[in-house]
Amino acid sequence: MTLAAPSKLGSGLVDASIDVTGARRTYELPDLSHLVALHDVDLSIESGTFVSVIGPSGCGKSTLLRIIGGLEQPDAGSVTVCGVSPKEAAAAKALGFVPQTPALLPWLTVLKNVTLPTKVNKRRNRTPLPDMEDLLRKAGLGDAMHKLPLQLSGGMQQRAAIVRAFGLRPDVMLMDEPFSALDEFTREALQEQLLDLWEETRSTVVFVTHSVSEAVRLSDRVVVMAPRPGRIVDVIDVDLPRPRPAALLESPEFHHYEGAVRDRLREAFEHGSRAGAAKGDQ
Ligand SMILES: Nc1ncnc2c1ncn2[C@@H]1O[C@H](COP(=O)(O)OP(=O)(O)OP(=O)(O)O)[C@@H](O)[C@H]1O
């Protein structure tokens, strides 16, 4: 399903697309050998699309996310976000980031945590910011907004972190395994809330995950990566209707896409193991 792009971006930039062309990232290791974390990666993401990135551990998912976010530079190739360099996009406050752990400030209430970035970040040409209390209520945190993070479960803290990130109305949202520490049911509930928030904001999302069902449920497209060297081996379009309630996970159509992603992922794992064995890895 192709989603309509927002008519005007909050950051004032033109179009919330992402273009990665021929990106390569090599790390020098302590023994002076080189590890190719990303090898000639090409990826085009249309504005307003939800894209998941999945692949075996060490295949370069987080490296790709960091490069898109401007936190690392590729050794070769180019990256544009909203038509400009990642650093320019970050400076225009077009980028949002949700890490694996919520990283809330422990001495501030949930409400103060989520409103702090909107007070700190001065933005030009921005569309009005959402009512954060309303967003917290929609995320099921209505009764928790005046509590401190330590009084909340891990799932509630991560929900607050997601509200905080979406509250800035970023044009592009980068999410690095935000639900990895949560149990399956909390995870499913948060997927639903994330989709609700995304329906409102229509940010372009790049979401790193190890879960096949999570990738299929959330995404318009699933990018499958393989390691040694880190690269994209397939991009699978998920043509399922939205909204996608939990009941959809039981449907034959959903299982079809899960099977397709799992097959490609299995190949990526097998290739990674062969390449590792050839190099003498354990
Ligand atoms: N700063 C660094 N210095 C050296 N090697 C690095 C560095 N950052 C990442 N790597 C290596 O690059 C490869 C890709 O790492 P990356 O974290 O992008 O993988 P990933 O797919 O996100 O893994 P995971 O699923 O385990 O989080 C890995 O082999 C990792 O050890």
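## Helix 6 and its cover

The elements that cover the buried residues of helix 6 include strand 3 (50-54), helix 5 (154-167), strand 7 (204-208) and helix 7 (212-218), where contact requires C-beta atoms, placed from the backbone, within 7 Å. This is a predicted model, in which local features need pLDDT of at least 70 and side-chain atom pairs count only at pLDDT 80 or more, while totals for chains, interfaces and linings use all residues. Residues are numbered from 1 along each chain as its sequence is written. Helices (H or I, at least four residues) and strands (E, at least two) are DSSP runs, numbered from the N terminus.

The buried residues of helix 6 are Arg-187, Leu-190, Gln-191, Leu-194, Leu-197, Trp-198 and Thr-201; buried denotes 20 or more other C-beta atoms within 10 Å of the residue's own, exposed 12 or fewer, and partly exposed a count in between. Seen down the helix axis, these buried residues fall within an arc of 130°, so they line one face of helix 6, the arc being that of the directions from the axis to the C-beta atoms. On the other side of helix 6, Phe-185 and Glu-199 are exposed. The 18 residues of helix 6 (residues 184-201) should span 26 Å at 1.5 Å a residue, and the end C-alpha atoms, 25 Å apart, agree with this; the expected span is 1.5 Å times one less than the number of residues. Arg-202, which follows helix 6, has a positive phi, near 50°.

An open sheet of three strands has the order 2-1-4 and antiparallel pairing, two strands being paired if DSSP finds at least two bridges between them. Strand 2 (34-45) and strand 4 (76-81) are the edge strands, each pairing on one side only. Strand 1 (residues 18-28) is joined to the antiparallel strand 4 by five bridges, and Ile-18 stands opposite Val-81 in strand 4.

Helix 1 (residues 61-68) lies across strand 1, strand 2 and strand 4, running at about 120° to strand 1; axes are lines fitted to C-alpha atoms, for helices over the stretch in contact, and angles run from 0 to 180 degrees between N-to-C directions.

## Hairpin of strands 8 and 9

Strand 8 (residues 221-226) and strand 9 (residues 231-237) pair in the antiparallel sense over six bridges, with Ile-232 of strand 9 as the bridge partner of Met-225. Four residues lie between the two strands of this hairpin, and Arg-228 in the turn has a positive phi of about 55°.

## Ligand shell

Residues around the ligand include Tyr-27, Leu-35, Ala-37, Lys-61, Ser-62, Thr-63 and Gly-230, the criterion being a C-beta atom, placed from the backbone, within 6 Å. Strand 2 and helix 1 are the elements that give two or more residues to this shell, and helix 1 gives the most, with three residues.

Notes:
Contact = placed C-beta atoms within 7 Å.
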